[in-house]
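Here is a friendly walk through one protein chain, written for someone who likes to see the cut-offs beside the values. Have the viewer open as you read.

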Amino acid sequence: MENNKKDILKRFTRYIIGLFIMTIGIAVSVKSDLGVSPVSSIPYTMTRCWNIEMGKATICFQSFLVLIQLCILRKKFKIRALLQVPVGILFGYFVTFSNYLISFLPDTDNYVIRIMMIFVSILIIATGLFFYVPANIMPLASEGVMQAVSDTTGIAFSKIKTAFDVTVVLISLILCLVITKSLGSVGIGTVLVALFVGTVLGWIMKTWSAFKKKRT
């Protein structure tokens with residue numbers, strides 16, 4: 001029983017650390033002004049278009065996705081999935097705090113530095129996922145809605161994720177073009193994050209696995 005409690009505490013700690021690290025990566029991508037990750041594109045678009053603080057926009061978006069899950073799953077919707085709402089709130093506050101921390105970094109027009117910031121962002125987000133995913137506590141609502149669509153349609157989760165990412169990016173792009181007459185939350189950084197986070201995460205997990213083997 002004692003070991004079980006320790007395991008749960010360890011997983012929960014990894015989960016919280018992972019969520020926070022991911023928001024630091026998101027904040028770095030925001031600071032680069034070259035576009036954010038697909039899952040953050042709509043909250044950042046809300047910030048750019050309507051001046052809604054990004055953390056609050058993130059909470060609204062994550063809560064909306066829980067509602068979408070309810071509409072998709074209906075009777076199959078599990079009450080425990082409502083925990084995605086407080087998780088989304090925590091994630092939103094982390095976004096606010098991380099953006100505040102990163103705001104102290106100087107702005108730059110140097111394109112090379114901004115691209116470097118995107119790759120730093122990719123590394124940080126992948127590191128956050130390294131802590132967050134194995135904890136297996138409660139997915140963010142964005143992942144939850146993808147899983148709901150996958151379970152309902154029978155389409156592979158990977159394909160649903162691709163479709164989801166493309167959809168939110170297109171929605172963000174259209175809103176920004178219509179309202180702000182700019183690309184807004186979508187840019188080369190969006191593409192780079194979508195392409196490389198998974199690859200970097202795989203490299204981190206492989207490196208960690210090799211390190212653990214050497215220790216044993």
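## Overall fold

From the N terminus on, the elements of the chain run α-α-α-α-α-α-α-α. That gives 8 helices and 0 strands, where helices (H or I, at least four residues) and strands (E, at least two) are DSSP runs numbered from the N terminus. This is a predicted model, in which local features need pLDDT of at least 70 and side-chain atom pairs count only at pLDDT 80 or more, while totals for chains, interfaces and linings use all residues. Residues are numbered from 1 along each chain as its sequence is written, and side-chain values use heavy atoms, with hydrogens and water left out.

Along the principal axes, the C-alpha atoms fill a box of roughly 55 × 50 × 30 Å. Of the 216 residues, 42% count as buried (buried means under 20% relative accessible area, exposed over 50%, partly exposed in between, with a 1.4 Å probe and protein chains only).

## Aromatic contacts

A pair of aromatic rings is described by the distance of the centres and the angle of the planes. Rings of Phe, Tyr and Trp (its six-membered ring) pair if their centres lie within 6.5 Å; planes under 30 degrees apart count as stacked, over 60 as edge-to-face and the rest as tilted. By this rule the chain has 8 aromatic pairs. One of them joins Phe 130 and Trp 208 edge-to-face, at 6.1 Å centre to centre and with 75 degrees between the planes. This pair links distant parts of the chain, since Phe 130 is in helix H5 (residues 111-135) and Trp 208 is in helix H8 (residues 188-215), 78 residues apart.

Are the two partners buried or exposed? Phe 130 counts as buried because its relative accessibility is 11%, whereas Trp 208, at 39%, counts as partly exposed.

## A nonpolar surface patch

Trp 50, Ile 52, Val 166, Leu 170, Ile 174, Val 178 and Ile 179 make a nonpolar surface patch of about 630 Å². Patch residues have over 30% relative accessible area and no salt bridge, and nonpolar side chains (Val, Leu, Ile, Met, Phe, Trp, Tyr) are joined within 5 Å. A salt bridge here is a side-chain nitrogen of Lys or Arg within 4 Å of a carboxyl oxygen of Asp or Glu.

Which helix gives the largest share of the nonpolar patch? Helix H7 (residues 157-179) does, with 5 residues. Trp 50 lies in helix H2 (residues 38-50) and counts as partly exposed because its relative accessibility is 47%.

## Loops worth a look

Asp 33, in the loop between helix H1 (2-32) and H2, has a positive phi near 60 degrees although it is not glycine. Arg 74, in the loop between helix H3 (54-73) and helix H4 (84-102), likewise has a positive phi, near 50 degrees. Asp 33 is partly exposed at 43% relative accessibility, and Arg 74 is exposed at 67%.

Leu 140, in the loop between H5 and helix H6 (141-153), is buried, with a relative accessible area of 6%. Its C-alpha atom is separated by 8.5 Å from that of Val 85, 55 residues apart along the chain.

Terms used:
Patch = residues over 30% accessible without salt bridge, like charges linked within 9 Å, V, L, I, M, F, W, Y side chains within 5 Å. Areas by Shrake-Rupley, 256 points an atom, 1.4 Å probe, with all protein chains shown as cover.
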